[in-house]
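Thank you for sending this model for comment. Please read the points below with the sequence and the coordinates open beside you.

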Amino acid sequence: GIDCNNGRYKEPIFTQVKRTNNIVYAKKPQSDGIMVNLRYDVYEPQGDTASKRAVMLLIHGGAYLKLLDQNSPDIVLMSEYYAKRGYVAISIDYRQEPNVLGLLSEEVMVKAVSRALIDTKDAVDHLVNTVSNGNPYRIDTSKAFIGGVSAGAVSALFITYLDSLQQLPPLYQQWAIQANG
């Protein structure tokens, strides 16, 4: 379980948040072939002395269209909310469909969602790698949570419950593979 002594993780026990912006976790092509740097921001409780801290990974919304990023105001508020309670909050960006008309195509949107899931997994892998290399954010990987807003909440659910492409209809499997190689 998670230790909530002294109000940690339940109450805002820190008043200030330290934010580290734009940590590049991958470089990948969008659906239009343009290469983009994928980034995340790290929010930590300022002045925290805990050697290991729970981590909350948050995914912004935006209908899988290139409308928002990890600086989406709702995600910034959530990240600060969790950091003030003692979590290390991570707000990730992910590839999104640059063409708004993509919403009209089932194939385009399935591919966009699949890219977002792969990117989320890559962000998690990058974070785990930081834990193996000095653990600069002092993350306790046994206390890891994921959440999001709108499309980001959908991604969080897929990441949590989709264990295999085989759980998807065959055509979706094909599109996911085409989108991600």
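Predicted model: local features only at pLDDT ≥ 70, side-chain atom pairs only at ≥ 80, totals over all residues.

1. Residues are numbered from 1 along each chain as its sequence is written, and side-chain values use heavy atoms, with hydrogens and water left out.

2. The protein chain has four helices and five strands, where helices (H or I, at least four residues) and strands (E, at least two) are DSSP runs numbered from the N terminus. Read from the N terminus, their order is β-β-β-α-β-α-β-α-α.

3. For 181 residues a compact globule would have a radius of gyration near 16 Å, and the 17 Å of the protein chain agrees with this; the radius is taken over C-alpha atoms, and the globule rule is 2.2 Å times the number of residues to the power 0.38. The C-alpha trace spans about 50 × 30 × 30 Å along its principal axes.

4. Of the 181 residues, 44% count as buried (under 20% relative accessible area, with exposed meaning over 50% and partly exposed in between, for a 1.4 Å probe and protein chains only). Among contacts (heavy atoms within 4.5 Å) with a separation of 6 or more, 74% come from residues 24 or more positions apart.

5. In helix α3, which covers residues 151-161, the buried residues are Ala-151, Gly-152, Ser-155 and Ala-156. They lie on the same side of α3 because they cover an arc of only 145° around the axis, the arc being that of the directions from the helix axis to the C-beta atoms. The cover over these buried residues includes β3 (53-59), α2 (106-132) and β5 (139-148), whereas the exposed residues Leu-157 and Tyr-161 are on the face of α3 turned away from its buried side.

6. Two backbone angles deserve a look, since most residues other than glycine have a negative phi. Ala-63, in the loop between β3 and α1 (73-84), has a positive phi of about 60° although it is not a glycine, and its 33% relative accessibility makes Ala-63 partly exposed. Ser-150, in the loop between β5 and α3, likewise has a positive phi, near 55°, and counts as exposed because its relative accessibility is 51%.
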